[in-house]
Each structure stands twice: as structure tokens, then as C-alpha cells.
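Hi,

Here is the structure I promised to pass on. My notes follow below it.

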Amino acid sequence: MGLDGISLLEVFNVVYLGNDEIGPEKQLGKIKMEFDSGSKELYYQTKIVESNPTIKFGDTIFPTNELTGPICSLKELDMQFNLFLGAYKASLVLKFEPYRDRVWVEDRKIRSVCGTGLISVMFGCLCNATVANLKINVSGGTHVHGVVAARNSQLNNPSCTSVLFWKSSANEIEVGCDGVIPLLKSRVGVPLDSELYVDVALYVDGEIHQETISFVPQIEGEKREEILVPNKETRISVKVKWDIRRNSVYSTYRSFYGEWEDEYDSDEDSDEDSEG
């Protein structure tokens, strides 16, 4: 592929803009993505999870499956929405062409069946892009909550920020012996002529650690950055492995040169990395 990246479609954010609060008992539903080589479920909830936080105005509807990496260029993407006990139903068909010279962003709205609520879906298409495979490691601590998000310098719109990790104090996690925290989304597309920013705001055992780390995109390779914290017992590291091989993303894709590649599926993690 030389120095050229690929064209990637990102589903950035699904944001609830209704006035009614959506408690755990109303969060049943699904968001299904359909494309030429199959389908993926972005959000799928058939059982009430009492520990889920209530969704309020302006909150992101987080994926329930870690299947939300970038998608290589498609001619068409169909997203089926049936959310919150059928309160929001819609089919959004997105048709696009890859752009060499700019980032394309589109915001679609879904109105509730009763007409009083709204959901915003923000899409983005990145040209000449690479894929960042991210891993966040927390050592020297036991209980973690907070937010980790990724964005790139070409997209300043907050709606285009990809939330990688979000846990409230009531839903904090226990870090395992390997120190790796589970991510909602571990792969993000990044244009090669931009910068990747990873915003970290994590509470580790009650102490806040906050910093923004920047990375220069590459076709391949990896880099690790560590957050310096007052408590020397605690270490937070962000590792990025750059990879635009076809198993870094899912779906059959078409290159800029019109050559069709074989079909594949990315359910199996392609990251063969070892710490060090």
C-alpha cells in the first residue's frame, strides 16, 4: 500500500436528545448495522440490567458489543434502530463515496414514535486513513472508573469523539492482574495527515488521573505512552498499534483503485501484541 492509507467509515456516536429519562427497565432494544458482507449488532439488549445508568438528554448510547471498529469503504450502509421498547424505530441508509481531499461528516436524526423525542446519529468518512488499535493498562490500582475517549485533529466537533471507556462510580470495575481495562471500542480510524488524541480521565482507587496524549498516525508500528501520576504506585499507559491490514477492520472493502478484496470478519482480535 505504500504511503497511502485507506478510506474508512466511522460510526462515531449515537446521542439521546429526548426529555424523558431512560431507566434500565426501558433500555431494551437493538441497533443493527447491515452491509454487503453481513451484519453487526452495535447495541443489543434483551434483558434488564439494573446496574445500567439512566440515559438522560445529551448522553451517548454506548455499544453493548465491542464491534464498532472503522469499516472499510462501502457504497451503502443500512442501520436498523429499534430502541427503548420500540419508542424509536428507523432505518437509516447511508450512501457515500470516499473523498481524497476532505473528511466527510453527516448527522442524521431519529424522531420517537410519539414525536416528542430525538436521537442523533453522527457518521464520518475519513480518507487516506489508518487504524489505531488501542490498549489501556492500569497497574498499581484495584478499582477504576471514569472516561477514556479518542479524537483526531481533523474533527473538532465533540460529537465525533469516540468514547472508548466509560464507567460511573456506581459501576466501577476491578482491574485484573494484567491491568488491561475493557474498552467499548478498541479500534478507531485516523487520517494520516492528522493527530490522534486520547483523553484520559480515570479515577483509580478514588484518585483522579487526567491527561491528553497525542500520537502521530502511521501505516504500521506501535507506540506506548505513560501518564505520570502523583501516586508512584499507580501507572496508566496507552498503547497504540497502527495497522491497516484487512483484519484490522471488518467487511469486504473496495480500495481507491476499484479492486475488490476477499471477505473477512474481525470478530477475532488481530492484535498479537505482547507487552514490553
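Which residues lie nearest the centre of the largest cavity? They are Val11, Phe12, Asn13, Ile61 and Pro63, out of 13 residues that line the cavity.

Some ground rules. This is a predicted model, where local features need pLDDT of at least 70, side-chain atom pairs count only at pLDDT 80 or more, and totals for chains, interfaces and linings use all residues. Residues are numbered from 1 along each chain as its sequence is written, and side-chain values use heavy atoms, with hydrogens and water left out.

**Cavities**

The structure holds three cavities of 30 Å³ or more. On a 1 Å grid over the protein atoms alone, a cavity is a set of points where a 1.4 Å probe fits but cannot get out; lining residues have an atom within 4 Å of a point. A volume is the space filled by probe spheres set on the points, which are joined across faces, edges and corners. The largest cavity has a volume of about 140 Å³. Its lining has nine nonpolar, three polar and one charged residues. (Nonpolar covers Ala, Val, Leu, Ile, Met, Phe, Trp, Tyr, Cys and Pro; charged covers Asp, Glu, Lys and Arg; the others, Gly among them, are polar.) Strand β1 gives the largest share of that lining, four residues.

**Pocket**

A pocket is an open set of points with protein on both sides within 12 Å along at least five of seven lines. By class, the lining of the largest pocket has 15 nonpolar, 11 polar and three charged residues. β10 (162-167) gives the most, with five residues. β3 (38-45) also supplies at least two.

**Fold**

The protein has zero helices and 16 strands. (Both are DSSP runs, numbered from the N terminus: helices are H or I with at least four residues, strands are E with at least two.) Of the 276 residues, 48% are buried, meaning under 20% relative accessible area with a 1.4 Å probe, protein chains only. Among contacts (heavy atoms within 4.5 Å) with a separation of 6 or more, 67% are between residues 24 or more positions apart.

**Strands**

Start with β1 (residues 6-16). 11 of its 11 residues are buried, so the strand is largely enclosed by the rest of the structure. β1 runs antiparallel to β8 (residues 118-139), joined by nine bridges. Two strands pair if DSSP finds at least two bridges between them. Leucine 9 stands opposite cysteine 125 in β8. β1 also pairs with β4 (residues 71-72), antiparallel, over two bridges. There, leucine 8 has cysteine 72 as its bridge partner.

β8 is joined to β12 as well, antiparallel, by five bridges. Alanine 132 stands opposite valine 188 in β12. In β12 (residues 187-191), five of the five residues are buried, so this strand too is largely enclosed by the rest of the structure. Arg187, Gly189 and Pro191 point one way, and Val188 and Val190 the other.

Last, an open sheet. Four strands form it in the order β3-β2-β5-β6, with antiparallel pairing. β3 and β6 (88-95) stand at the edges with a single partner strand each, so one side of each is left without a neighbour in the sheet. Inside, five bridges join β2 (residues 29-35) to β5 (residues 76-83). Isoleucine 31 has phenylalanine 81 in β5 as its bridge partner.

Best wishes

Methods
Buried means under 20% relative accessible area, exposed over 50%, partly exposed in between (1.4 Å probe, protein chains only).
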